[in-house]
Amino acid sequence: MTAALELRGIVKTFGELRANDGVDLAVEWGRVHALLGENGAGKSTLMNVVYGLTTPDSGEIVFDGRPVVIHGPQDAIRLGIGMVHQHFMLIPPLTVAENIILGQEITSPPGVIDLETAGRQVSELSQRYGLEVPPRARIESLSVGVQQRVEILKALYRGARLLILDEPTAVLTPQEIKGLFEIIRNLVAEGNAVIFITHKLGEVMEVADAITVMRRGKVVDHTTPQQSTPADLARMMVGRPVLLRVEKKPAHPGDVRLEVKGLVVHDDRKQVAVDGVDLDVRSGEIVGIAGVEGNGQNELVEAISGLRPAVSGQVLIGGRDVTRRSAKSRLHSGLSVIPPDRHRQGVILELPIADNLVLEDFDQPPFARWILRNLRAVFDYAAALIKQFDIRAAGPAEPTGSLSGGNQQKVVVARELGTNPEVLVAAQPTRGVDVGSIEFIHRQIVDQRDKGLAVLLVSSELDEVLSLSDRVAVVYRGRVVAILEGEEIDRDRIGLLMAGGAAA
Amino acid sequence: MRRWWSIFPGWVINLVIVPAASVVLGFGVAAIAIVATGADPSQAYLALFQGAFTNTNAFAETLVSSIPYVFLGLGVALGFRAGLFNIGAEGQFYIGSLSGVFVAYSLHLPALLLIPLSILAAMAGGFLYAGFAGFLKARFGAHEVITTIMLNYVSFLLANYLVTTPGLMLDPHTRTPRTPYIDPNAALPIIIPQSRLHAGFLLALVAIPLVWLLINRTTVGFRLRAVGYNPGAARAAGISVATTTVLAMGISGALAATAGIVQTLGIQHVMTPAVASGYGFDAIAVALLARSNPWAILPAAMLFGALHNGASFMQLQTQVSSDLISIVQASVIVFIAAPAIIRWLLRLREGQVAKVAITEREAISSV
């Protein structure tokens with residue numbers, strides 16, 4: 001049996017960084033090959049090499065038994081390689097069929113797009129692989145799970161036989177993930193090959209036939225789900241034994257510190273995004289918000305932070321009504337927020353670590369007198385936090401953008417916890433962060449909870465919500481559809497609620 | 001392949017080597033244009049240099065020409081640092097002249113009071129005028145490129161109306177459309193005898209460290225940079241993006257306005273109906289060449305001052321049109337805007353040449 005894809009000794013360097021350092025990989029037809037590794041391990045670089053988005057410094061690519069040189073995605077597509085990126089490349093106002101044929105339009109007469117034929121071809125493809133999509137629906141009206149199917153169809157329409165899926169489950173509900181895995185099964189059953197890039201161990205165990213683990217640009221091992229346990233895989237990924245579960249003592253909740261009453265919030269398009277939410281978070285407990293992304297979580301966080309006005313309802317911090325107060329005044333009255341999008345809201349990459357650590361307090365003493373900044377005080381404070389939060393950096397003056405994702409996120413966590421807040425709203429606190437940093441950040445949050453911090457955790461990683469939370473609120477379409485406690489916190493039940501199923 | 005210059009730290013490469021290489025290449029491109037017109041580039045550039053530097057008076061005139069570029073360049077650069085593209089420096093220049101000259105001809109005070117008062121009036125005018133564009137952006141989302149361009153026309157026409165209308169700023173004792181002459185005490189003293197070089201040059205030298213201090217060592221400057229780099233993160237940290245936008249546009253406008261009044265108090269001593277000076281637009285190029293760094297504004301402004309000043313002598317001597325310097329300026333900006341070209345020419349590694357920041361890129365693409 002010929003291998004679908006063989007990579008031999010791929011090397012790709014960016015400056016001093018060896019993103020791929022002599023990588024060998026063999027993917028067979030009819031198999032699901034998981035490429036496992038932390039962010040920055042070199043998975044994406046390797047796949048960009050295969051898809052022609054970057055050229056390797058050295059190494060060989062053999063596709064279906066023939067050595068090939070791939071100069072760009074056009075070459076890759078011509079060979080039959082398709083890639084579904086983590087961020088979809090779809091045009092929202094266009095229909096499913098239009099998006100799928102884009103760039104390969106069928107025209108008859110010449111110059112006029114034949115949507116009739118296109119729609120029929122799309123339907124045929126989708127039936128063949130069980131990829132149900134409405135060909136005439138606009139992309140913007142579809143759920144993320146369906147949009148992903150459109151991306152897969154797009155690749156198949158272009159004749160892909162080897163499909164690369166980059167972190168495909170990040171945006172899906174547990175039920176949608178099951179659906180995706182079925183599709184993947186169908187694809188390989190027809191003799192295609194799938195490369196599945198991920199850092200989630202459970203998914204690898206479930207769907208992969210073969211596993212390649214990468215760390216720091218090198219292949220650590222080739223294995224299979226039968227040969228290795230999740231703990232083995234985690235150790236290979238990180239390079240040391242990892243605690244997969246967060247150890248925590250039972251919660252001792254105290255007074256209510258954060259209270260949300262009948263909160264209604266609009267999104268940017270003036271549609272109701274948060275629809276009458278009631279919540280309270282007590283001192284010493286972690287309340288997790290479980291839900292598929294885009295069900296009002298971001299708007300809820302922004303309304304609590306003071307970045308988005310409440311249409312009605314109230315937000316109380318430490319018993320004080322702050323509904324009409326500015327973000328600044330909330331941040332200075334005991335609220336801390338880890339924003340969901342690190343690069344858009346969490347840190348300013350161009351500024352030094354020190355400046356990012358005082359981003360909320362730069363104009364307060366001792367960091368400033370009148371309008372003059374006291375850089376010595378800023379740097380001393382930063383040096384202390386860098387040590388306390390184990391931020392791996394050359395020093396406080398290093399630009400934040402040169403840190404790894406995990407260390408950037410530690411800068412955010414250090415800033416927010418360094419002020420000893422009463423309430424922490426942690427939105428996607430470990431998104432795009434390496435396993436080591438995840439462990440550290442979880443530890444910090446749990447330790448602060450034990451010291452009496454009230455934590456509202458918003459995460460699209462269900463595992464994170466399940467392992468950290470003392471109570472779980474499930475949101476669906478802007479409403480809290482259930483609040484579960486203790487024994488009620490059950491993965492399948494939450495999955496159903498997240499997808500809009502009624503409370504069982 | 002490593003070259004000797006890759007041993008320099010990043011800031012030297014970005015602030016010295018890349019702009020210098022851009023300037024050299026800019027002259028190279030313009031030389032092709034000179035050859036195309038049948039003239040000799042070396043003769044033309046020699047005349048340009050002579051006109052700008054080779055005697056005390058020529059050099060003094062180069063400095064005189066560079067004074068408005070310093071203030072305007074600082075203004076535009078400060079806007080860039082806040083993520084704002086103030087294309088209205090030209091208009092703010094006139095508003096500065098207008099509001100400053102009014103004080104300078106109406107009041108009769110000792111020089112030590114009258115000069116600062118006139119300049120403050122100009123700065124206040126420029127602050128309000130540009131701050132209005134900032135307000136339109138903060139409140140209604142109107143892009144500052146559009147509003148400041150439009151406000152340029154408003155300022156020209158306003159200046160013409162005020163200066164030509166009896167009972168307003170028109171000098172009642174003359175038929176020429178102009179304001180009354182400023183009080184002699186308001187004139188900026190000449191610092192090199194027998195030349196036109198006035199104390200405005202010293203003010204420019206003081207303005208540079210002050211603007212650097214403002215941007216890099218004050219809370220206002222920090223807000224401004226935070227918003228410029230990442231408005232989302234600034235907002236999430238409790239910084240008011242709206243206030244910062246108005247403030248940054250205002251300060252940018254105040255600096256541009258200072259250029260106007262310094263020019264009036266130092267050179268013209270009167271204001272006549274406005275004709276586009278072009279200074280405000282050249283200033284965008286000055287700020288780009290200086291990579292929005294206040295210290296680098298001085299050499300950039302002096303280069304533009306020298307081009308401005310040497311051009312007429314070049315035309316006189318070699319019949320090469322003084323418009324040629326526009327080609328030099330434009331090609332310099334192209335090379336600044338395309339760091340990849342410089343990187344390739346100098347064999348620098350990726351990452352050693354900073355990409356032009358977003359607003360600067362926006363500036364380049366819309367100029």
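Guide: A salt bridge is a side-chain nitrogen of Lys or Arg within 4 Å of a carboxyl oxygen of Asp or Glu. The model discussed here is predicted.

Visitor: How many salt bridges does the rule find across the interface of chain B and chain A?

Guide: The side chains of B:R223 and A:D363 meet with N and O 2.9 Å apart. The cut-off is 4 Å, so this pair qualifies as a salt bridge. Across the interface of chain B and chain A, the number found is 1 salt bridge.

Visitor: Which element gives the most residues to the side of chain B that touches chain A?

Guide: In all, 19 residues of chain B are in contact with 25 residues of chain A. Across this interface there are 7 residue pairs in polar contact. On the side of chain B, the elements giving two or more residues are α8 (219-229) and α9 (231-236). With 7 residues, the one that gives the most is α8(B).

Visitor: What share of the area buried between chain B and chain A comes from carbon and sulfur atoms?

Guide: In chain B, the residues that lose the most area to chain A are B:T219, B:F222 and B:Y229, together 29% of what that side buries. The area buried between the two chains is about 2,000 Å². Of this, carbon and sulfur atoms give 65%.

Visitor: Which residues form a salt bridge between domain 1 and domain 2 of chain A?

Guide: Chain A is divided into domain 1 (3-238) and domain 2 (256-346 + 422-498). K200 falls within the bounds of domain 1 and E461 within those of domain 2. The closest N and O atoms of this pair are 3.8 Å apart, and the count between the two domains is 1 salt bridge. The residues are A:E461 and A:K200.

Visitor: Which element gives the most to the side of domain 1 of chain A that touches domain 2 of chain A?

Guide: Two elements of chain A give two or more residues to that side of domain 1: α6 (174-189) and α8 (230-238). The residues of that side divide into 5 nonpolar, 4 polar and 3 charged. With 3 residues, the element that gives the most is α6(A).

Visitor: Why is the pair of B:F27 and B:Y45 described as edge-to-face?

Guide: B:F27 lies in helix α1 of chain B and B:Y45 in helix α2 of chain B, so the pair ties together parts 18 residues apart in sequence. Their ring centres are 5.1 Å apart. Planes over 60 degrees apart count as edge-to-face. The pair is edge-to-face because its planes are at 90°.

Definitions and conventions. Residues are numbered from 1 along each chain as its sequence is written. Chains are lettered from A and ligands numbered from 1 in the order in which they are written. This is a predicted model: local features need pLDDT of at least 70, side-chain atom pairs count only at pLDDT 80 or more; totals for chains, interfaces and linings use all residues. Side-chain values use heavy atoms; hydrogens and water are left out. Domain bounds come from an automatic or database domain assignment. Helices (H or I, at least four residues) and strands (E, at least two) are DSSP runs, numbered from the N terminus. Ala, Val, Leu, Ile, Met, Phe, Trp, Tyr, Cys and Pro count as nonpolar, Asp, Glu, Lys and Arg as charged, and the others, Gly among them, as polar. Rings of Phe, Tyr and Trp (its six-membered ring) pair if their centres lie within 6.5 Å; planes under 30 degrees apart count as stacked, over 60 as edge-to-face and the rest as tilted. Contact means heavy atoms within 4.5 Å. Buried area is the accessible area (1.4 Å probe) that two parts lose on being put together, summed over both. A polar contact is a pair of N or O atoms within 3.5 Å; within protein, one must be able to donate a hydrogen and the other to accept it, and residues adjacent in sequence count only if both atoms are side-chain atoms.
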